Amino acid sequence: MTKTGDQYLSGRDSWDVFAQEVDAQYFLAAIEGKVHSRLRKVIKQPYSRHQIMRQTADTIAITRTVIGKWHNKPATSVFPLMQELVSEQIGQLLLGEGPGDYFPDFVVFMRTILNAVLGQTPKFMLKMPKYK
């Protein structure tokens, strides 16, 4: 499978657009072969269950901070609140900073790029002013 899998189970065609758009030379879903295998080995430890468990206290603190800001928000559906919470957690834990006040822009960016990459909308949507 590892020798011929790229021929049948490639993500390159779909995810290469994403990788180019975010200027990522080594985007795991868009690369194949030895480089893909090497990158998986490199990221295995930082994304391990053990590492996640070590960050439980930080995750709880981020959750409390984000939820503490919700009391001023009008009633809304759960989905956008969970998007905000998870985006902040992932951003802070993996990148050192969450989207914060830029969260609405982050949603537009991710929705536009993912819809274009996955073929739900035309790729020219990546040229629209609201996305840029």
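Predicted model: local features only at pLDDT ≥ 70, side-chain atom pairs only at ≥ 80, totals over all residues.

Mentor: Start with the overall make-up.

Trainee: How many helices and strands are there in the chain?

Mentor: The chain has seven helices and zero strands. Read from the N terminus, the order is α-α-α-α-α-α-α.

Trainee: What makes the chain more spread out than a compact globule?

Mentor: Its radius of gyration is 18 Å, whereas the globule rule gives 14 Å for 132 residues. The value is well over the rule, so the chain counts as more spread out than a compact globule. Along the principal axes, the C-alpha atoms fill a box of roughly 55 × 40 × 25 Å.

Trainee: Why is Thr 63 called buried?

Mentor: The cut-off for buried is under 20% relative accessible area. Thr 63 has 19%, so Thr 63 is buried. The residue is found in helix H5, residues 56–68. Leaving out residues up to four places away in sequence, Thr 63 touches Leu 85 and Gln 89.

Trainee: Is Gln 55 buried or exposed?

Mentor: Gln 55 has a relative accessible area of 16%. Buried means under 20%, so Gln 55 is buried. Its place is in the loop between helix H4 (49–54) and H5. The C-alpha atom of Gln 55 is 33 Å from that of Tyr 131, which is 76 residues away along the chain.

Trainee: How do you know that Asp 23 is exposed?

Mentor: Exposed means over 50% relative accessible area. Asp 23 comes to 72%, so Asp 23 counts as exposed. Asp 23 sits in the loop between H2 and helix H3 (33–44). Its phi is positive, about 55°, although Asp 23 is not a glycine.

Trainee: What puts Arg 40 and Arg 12 in their accessibility classes?

Mentor: Take Arg 40, in helix H3. At 52% relative accessibility Arg 40 counts as exposed, because the cut-off is over 50%.

Mentor: Arg 12 lies in helix H2. Setting aside residues up to four places away in sequence, Arg 12 touches Ala 29, Ala 30 and Glu 32. Arg 12 and Glu 32 are 20 residues apart in sequence and 7.5 Å apart, C-alpha to C-alpha.

Trainee: Which residues make up the largest nonpolar core?

Mentor: This core has seven residues: Val 17, Phe 18, Ile 113, Ala 116, Val 117, Leu 126 and Tyr 131. Helix H2 (12–21) and helix H7 (103–117) are the elements that give two or more residues to it. H7 provides the largest share, three residues. Another core lies apart from it and has five residues, among them Ile 62, Val 66, Trp 70 and Leu 85. In soluble globular proteins, nonpolar side chains tend to be buried together.

Trainee: What makes Leu 126 buried?

Mentor: Its relative accessibility is 5%. The cut-off is under 20%, so Leu 126 counts as buried. Leu 126 is found in the segment after H7. Beyond residues up to four places away in sequence, Leu 126 touches Val 17, Glu 21, Thr 112, Ile 113, Ala 116, Tyr 131 and Lys 132.

Trainee: Which residues is Val 117 in contact with?

Mentor: Apart from its neighbours within four places in sequence, Val 117 is in contact with Ser 14, Trp 15, Val 17 and Phe 18.

Notes
Residues numbered from 1 in each chain as written. Heavy atoms only, no water. Helix = DSSP H or I, 4+ residues; strand = E, 2+ residues; numbered from the N terminus. Rg over C-alpha atoms; globule rule 2.2 N^0.38 Å. Buried < 20%, exposed > 50% of the residue type's maximum accessible area, 1.4 Å probe, protein only. Contact = heavy atoms within 4.5 Å. Core = buried A, V, L, I, M, F, W, Y, C linked by side-chain atoms within 4.5 Å.
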